[in-house]
Structure formats: structure tokens, C-alpha cells
Amino acid sequence: MIAQREYVLTDDDLIITKTDPKGVITYANRDFMRICGYREDALLGHPHSIIRHPDMPRGAFRLLWKTLQRGEEFFGVVKNRIADNGFYWVLANITPDFDRHGALKGYYSVRRRPARAALDALIPVYEQMNTIERNSGKKDAPDLSLAWLERHIAELGFASYEQLVLSLNQEVFSRRQHA
């Protein structure tokens, strides 16, 4: 097995994308193209899942979509794939984008470098979720790993995944205030 190269975001990297309601990319900023290694024509009109890393549990994306479908913003730590099969980690904030009549136009996503403490805490969680998914039927796997995640978060004393992620990334928010 070939080792994957990690790109570590800097404090100045700011990834921004917009998608339609089905997750098809309609806008990608220069940082996103530079970091993920895709040209604009390879991104626009394609599903955002083009950068989905196979190490990310499907249950995490189930949570993401459930949150967005309720019209709420989502905060999460996500491992993404680079075109050359490398990877990078982000602290993602994804927000539903509504028109003036309240109809969903799509999603707006801003991503920054996550705190090291967040990665140290969440990588083993994602590994456990992946184990659950590998040992489950394909149809039920995302729901089973998400159920485990929600129990685990409650055992840690947090009310939600979002609360856990925000707690683990306090240094990111304080860096932004002092910048």
C-alpha cells in the first residue's frame, strides 16, 4: 500500500464552495482548486463528493445531510481527498442558502484548518465508525455508525456532534479573532 501525502492547511487557507440543493458544485474558490488539485472545469457541475475520502464514515455524511435538510448549519471535521490521492483535513461550516422566498437554492461551505486536538479526538471515532460500517450490511451501515456516534458523544457529555466539534476547535475560533 502506498502512503498518502497529507496537505496541511495553513491559517491563511480559506476554502469556499457553493453547491446546488443536490450537492453539485456551482462555485469553487482558488484555495479549494489549489488544495484539492482539480481545475475549475473538473469541479463545476460535478458532485461535491468528488473529494470524498474513503476514510470518512458514511454515517458522518448521514449526519451532515440530516442537519442540512432540517435547514440548520453544520459544523464538522472532514477528511477530503486530493486529485493525486493525497488528503487534507478541514473544519467545515456548511450553511443552507435560501432565496428571498425561503426556497432552498443550495449550500454555502467555508472550510479552515482544524485544531490538532480535534483530529486527535475524532480520527479514532471515525475509525470506529468505519469498523461498524464494514461489519454491517451496506444499507444499514450509515445509520448504525451514526447511532454509535450519537451514543459516544452523549457518553462524553456533549449534547451533539456540533457541540463536540466546536469545543475541540476553540483555538481555531480564537485564532480568527486575533487575526
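Q: What's the strand order in the open sheet?
A: The order is β2-β1-β5-β4-β3, an open sheet of 5 strands with antiparallel pairing. Two strands pair if DSSP finds at least two bridges between them, and helices (H or I, at least four residues) and strands (E, at least two) are DSSP runs, numbered from the N terminus. This is a predicted model, where local features need pLDDT of at least 70, side-chain atom pairs count only at pLDDT 80 or more, and totals for chains, interfaces and linings use all residues. Residues are numbered from 1 along each chain as its sequence is written, and side-chain values use heavy atoms, with hydrogens and water left out.

Q: Which strands are at the edges?
A: β2 (25-28) and β3, each of which pairs on one side only. On average, neighbouring strands of this sheet are turned by 30 degrees against each other, ignoring direction.

Q: What packs on the sheet, touching β3 and β4?
A: Helix α4 (residues 116-134) does, and its direction makes about 75 degrees with that of β3. Helix α6 (residues 161-168) also touches β3 and β4, again with about 75 degrees to the direction of β3. Axes here are lines fitted to C-alpha atoms, for helices over the stretch in contact, and angles run from 0 to 180 degrees between N-to-C directions. Contact means heavy atoms within 4.5 Å.

Q: Back to β5. How many bridges does β5 make with β4?
A: 8, in the antiparallel sense, with β4 covering residues 87-98. β5 (residues 104-112) also pairs with β1 (residues 15-19), antiparallel over 5 bridges.

Q: How many residues sit between β4 and β5 in the hairpin?
A: 5, and Gly 102 in that turn has a positive phi of about 90 degrees.

Q: Which residue other than glycine has a positive phi?
A: Asn 85 is one, with phi near 75 degrees. Most residues other than glycine have a negative phi. Asn 85 is found in the loop between β3 (74-81) and β4.

Q: Where do Trp 65 and Tyr 107 sit?
A: Trp 65 is in helix α3 and Tyr 107 in strand β5, 42 residues apart. Trp 65 counts as partly exposed at 29% relative accessibility, while Tyr 107 counts as buried at 6%.

Q: What about Trp 89 and Tyr 126?
A: Their planes are at 15 degrees and their ring centres 6.3 Å apart, so that pair is stacked. Trp 89 lies in β4 and Tyr 126 in α4, so the pair ties together parts 37 residues apart in sequence. Both Trp 89 and Tyr 126 are buried.

Key. Buried < 20%, exposed > 50% of the residue type's maximum accessible area, 1.4 Å probe, protein only. Phe/Tyr/Trp six-rings, centres within 6.5 Å; stacked < 30°, edge-to-face > 60°.
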